[in-house]
Amino acid sequence: EGGEVDGEDELRGLAERIELTRLEDEDEATKSAGTGELSSSGSAGLSGKNEGQVSSSVTTEEEGEDDATPPTLRSVARWIQAQEQGTRRNVIVLSGAGVSCSAGIPDFRSPGTGLYDNLQKYNLPYPEAIFDLNFYRRNVDPFVSLASEIWPGLRYSPTLTHSFIALLDRHGVLLRNYTQNIDGLELLGGVTEERLVECHGHFRTAKCTNCFLPHDGEECRREMVEEKRAPRCSRCGGHVKPDIVFFGEGLPDRFGRLLRHDLEEADMIVVAGTSLTVAPVSMIPQMVEPTCRRVLLNNELVGDFSPEGENEGFYNRREHSDVFEEGFCDESILKLCKMLGWEDELLELNSQSQIGDYER
């Protein structure tokens, strides 16, 4: 769990640095306005992000909304469609286990049906031990058994939500998909690797848990799935595991390398199928720019989302009310795609990504 704590501290530090930069920019803009300086747009003291804020209000008027009308899923559709009219859109999708439930993969924390409530057969001292690095070094069998069931590409196919993320990518709208999942369904669904950050790692590569020597990912899959055993390191003899993030490990370098840029560039974040309880990823919706629209597709309200417009956000000055579409992710996505005119494209892409029937 040390890796999570370190990651949260690092993310909070990043938030503080971004906020300090933002405050300095606003202070400079205020000074410019006070001295009557004009930006290139001809407005006193408006430049950079401030110009974006003006553009946002214009877009809202074009969409037929006003500040007194809470945004809806239809508002989201109109906003995305502006990309096709020449207005650049940058959407972050933050996805959790709920986007994979309709594929047959249980989430982690739902009472009664979640993965952690159904691990009795592994005889674990506590449910989270199956993803605990120190426990794995002592006893690989529970994780190997689970890995052989959930290894990407063997049983489970992408859901409509995964296909929607791929459509955002195809239409040039997706800035990044930050996924908390390790099931690999984003890539199988058609999201390009460039647009994907697998916050908790993936199964495609592997390394030794002692000396960290890389191990062939396909060989690791063969031994765990077909032989039901953990590979041994060729250098030190330690246990090898796939490069998914266990408790006690830090997040992938790619996460920290891209996050600051993406937070500054995003003008909408769509959060889907997550309880927002695992830091540091759970903090991302709080850290987007004040002008960034926030959309939650979930069975319940989580985090600091407030569709009533009462939430003032991490920086205490959110410029748009949150959109909350309650229900299962796939149902909300299908509704949104109908509004976008993407329904046929969504269903076709999803059909192409299915890997065949199997017995669960």
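Entry 1. I began with the UniProt record, an unreviewed entry, which places the feature "binding site" at C208, C211, C233 and C236. I then checked their spacing in the model: these residues span 29 residues in sequence, yet no two of their C-alpha atoms are more than 8.5 Å apart, so they gather at one spot. I note that the model is predicted.

**Entry 2. C208.** I located C208 in strand β4, which covers residues 201-208. C208 is buried, with a relative accessible area of 1%. Setting aside residues up to four places away in sequence, I listed its contacts as L213, C233, C236, G238, H239 and V240.

**Entry 3. C233.** I found C233 in the loop between α8 (217-226) and β6 (240-244). C233 counts as buried, at 8% relative accessibility. Beyond its neighbours within four places in sequence, C233 is in contact with C208, C211, L213, G238 and V240.

Entry 4. For C236, the nearest cysteine sulfur is that of C208, 3.5 Å away; a disulfide requires sulfur atoms within 2.5 Å, so C236 is in no disulfide. C236 is partly exposed, with a relative accessible area of 42%. I also looked up C329, which is in no disulfide: the nearest cysteine sulfur, that of C101, is 8.0 Å away. C329 is buried, with a relative accessible area of 7%.

**Entry 5. Backbone.** I turned next to phi and omega. Most residues other than glycine have a negative phi, and most peptide bonds are trans. I recorded the following exceptions.

- F212 has a phi near 65°, a positive value in a residue other than glycine. I placed F212 in the loop between β4 and β5 (214-215), where it counts as partly exposed at 48% relative accessibility.
- L276 also has a positive phi, near 50°, and is not a glycine. I found L276 in the loop between β7 and α10; L276 is buried, with a relative accessible area of 11%.
- The peptide bond from A279 to P280 is cis, with omega near 5°. P280 lies in the loop between β7 (268-272) and α10 (284-287).

Key
Residues are numbered from 1 along each chain as its sequence is written. This is a predicted model: local features need pLDDT of at least 70, side-chain atom pairs count only at pLDDT 80 or more; totals for chains, interfaces and linings use all residues. Side-chain values use heavy atoms; hydrogens and water are left out. Buried means under 20% relative accessible area, exposed over 50%, partly exposed in between (1.4 Å probe, protein chains only). UniProt positions are given in the numbering used here, feature names are shortened, and annotations may be inferred rather than shown by experiment. Helices (H or I, at least four residues) and strands (E, at least two) are DSSP runs, numbered from the N terminus. Contact means heavy atoms within 4.5 Å.
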